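Me: I have a structure open and have not seen it before. Can you walk me through it?

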Amino acid sequence: MPNQNVPWWGWVLFNVFVLVMLALDLGVFHRGAGTVRMREALMRSAAWIGLSLLFAVGVWSFKGSEKALEFLSGYVIEYSLSVDNIFVFVLLFSYFKVSPAHQHKVLFWGIIGALVMRAILIYAGVALIHRFEWMMYVFGAFLVFTGIKLALQKEEDMEPHENPLVKVFRRFMPVTEQFVEDKFFVTIDARRYATPLFIVLLMVETTDLIFAIDSIPAIIGISKDPFIIYTSNVFAILGLRSLYFAVAGLMGLFRHLKTGLSVILVFVGVKMLLHSVYKVPIAASLGVIVSVLILSVVAS
C-alpha cells in the first residue's frame, strides 16, 4: 500500500493511541457490566467528536487543508452511515433479548473486529485503485446502485438464525440455551460451549462487514490516501458505541435519514464516475454531504 508520505511511525503512533483508548474503555470506564446512561453516552459521543476534530486540526497542520477536508468528509460519511448500523444493533439486541448491561461488551469486541476488517478492506481497495484506475468506475457504479437500492428497499423482518455464519458455527460448536452472565464461552461437564451472547457478536461482525462494503468505496471516492481513509474510519467506529447508547432510544426521530444516506452514496458514486471529466473540489463535497445530512434530520 502506498503510504502517501506518512512515515511508518505515524501509523504506529496512531494505532498505539487507538489501543490505549480501547484499554481505557474496557479496563477503566467499563471494568464491570453496567448500563450506559443517556447522559454518559452523549458526553462520550461529544468527546469522540472533539478528538476527531482535534485530529483534523493536526492533519491540517502537517498535511495541509485539502487532506484535513478529506478526513472530515470521510469521517462525516462513515459516522452518518454508522447510524444504519445502530438500527440493526437495536433489532439484534431486541431479538436476542440482550441485557443493556451486556450490550457494551458486545459492541466493544465487535468494534475490535471491525477495525481489523476495515484495515484489510482499505488496504485492498486503495491498492486496487492505484494499480487499476478503472476500478474507480466500478466502485462508483456500485455506490450509485447501493444508494438507489437503499432508497427503494423496504424494512424486512430480521432472521438472525438464518445468518450463514451462525449456521456454520453451530455445526462446529454447541451453543447454550441461555445467557451465562456476560460470558461468550463456558465449560459445562468438561465440554466447551458458546453462549447466545457470542452468536450476537457474530451477527454484529457480519453486519459491520456488510456495511463496510458500502462505506469503504464511498470514502475512497473522497480520498485515495490510505492514512486519511483509515483514520477517518477508525474515529467513526470508535465513537459508534457511544452513539448507539445516545440515540438507540430515539430511532424514530431519524425516519428520513435513510433517504439522506442514499443521496450521499449516489452523489459520491457519480463523483467517482466523473473523476476523469471533472474533479469536484473536496470543500464542495463536504458541503453537499453535511447539507444533505442536516436536511434529512430536519425533515425527520
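**Walking through the model**

Reply: Trp109 is partly exposed, with a relative accessible area of 36%; buried means under 20%, exposed over 50%, and partly exposed in between, using a 1.4 Å probe and protein chains only. This is a predicted model, where local features need pLDDT of at least 70 and side-chain atom pairs count only at pLDDT 80 or more, while totals for chains, interfaces and linings use all residues. Residues are numbered from 1 along each chain as its sequence is written, and side-chain values use heavy atoms, with hydrogens and water left out.

Me: Where is the place of Trp109?

Reply: Trp109 sits in helix H4. Helices (H or I, at least four residues) and strands (E, at least two) are DSSP runs, numbered from the N terminus.

Me: And how far apart are Trp109 and Leu22, in sequence and in space?

Reply: They are 87 residues apart in sequence, and their C-alpha atoms are 9.9 Å apart in space.

Me: How many helices and strands does the protein chain have?

Reply: Eleven helices and two strands. From the N terminus, the order is α-α-α-α-α-α-β-β-α-α-α-α-α.

Me: What share of the protein chain counts as buried?

Reply: Of its 300 residues, 49% are buried. The largest nonpolar core has 82 residues. Such a core is a set of buried Ala, Val, Leu, Ile, Met, Phe, Trp, Tyr and Cys residues joined through side-chain atoms within 4.5 Å.

Me: Which residues touch the most other members of that core?

Reply: Phe14, Ile77, Phe89, Phe93, Val106, Leu115 and Phe169. Leaving out neighbours within four places in sequence, Phe93 is in contact (heavy atoms within 4.5 Å) with Val98, Gln103, Val106, Leu107, Val200 and Tyr244.

Me: Switching to Ser52: buried or exposed?

Reply: Ser52 is buried, with a relative accessible area of 1%. Ser52 belongs to helix H2, residues 38-63. Not counting residues up to four places away in sequence, Ser52 touches Phe71, Tyr75 and Phe235.

Me: How many cavities of 30 Å³ or more does the structure hold?

Reply: One. The largest cavity has a volume of about 60 Å³. On a 1 Å grid over the protein atoms alone, a cavity is a set of points where a 1.4 Å probe fits but cannot get out, and lining residues have an atom within 4 Å of a point. Grid points are joined across faces, edges and corners, and the volume is the space filled by probe spheres set on the points.

Me: What lines the largest cavity?

Reply: Asn85, Phe89, Leu107, Gly110, Ile111, Ala114, Val204, Asp208, Ile237 and Leu240. Helices H3 (65-96), H4 (100-131) and H7 (196-220) each give two or more residues to that lining. H4 has the largest share, with four residues.

Me: How does the lining divide into nonpolar, polar and charged?

Reply: Seven nonpolar, two polar and one charged. Here Ala, Val, Leu, Ile, Met, Phe, Trp, Tyr, Cys and Pro count as nonpolar, Asp, Glu, Lys and Arg as charged, and the others, Gly among them, as polar.

Me: What about Glu181, what is its phi?

Reply: The phi of Glu181 is positive, about 50°, although this residue is not a glycine. Glu181 lies in the loop between helix H6 (164-172) and strand E1 (185-188), and is exposed, with a relative accessible area of 53%.

Me: And phi of Asp189?

Reply: Near 55°, a positive value in a residue other than glycine. Asp189 is in the loop between E1 and strand E2 (191-194). Asp189 is exposed too, with a relative accessible area of 76%.

How values were computed:
On a 1 Å grid over the protein atoms alone, a cavity is a set of points where a 1.4 Å probe fits but cannot get out, and a pocket is an open set with protein on both sides within 12 Å along at least five of seven lines; lining residues have an atom within 4 Å of a point.
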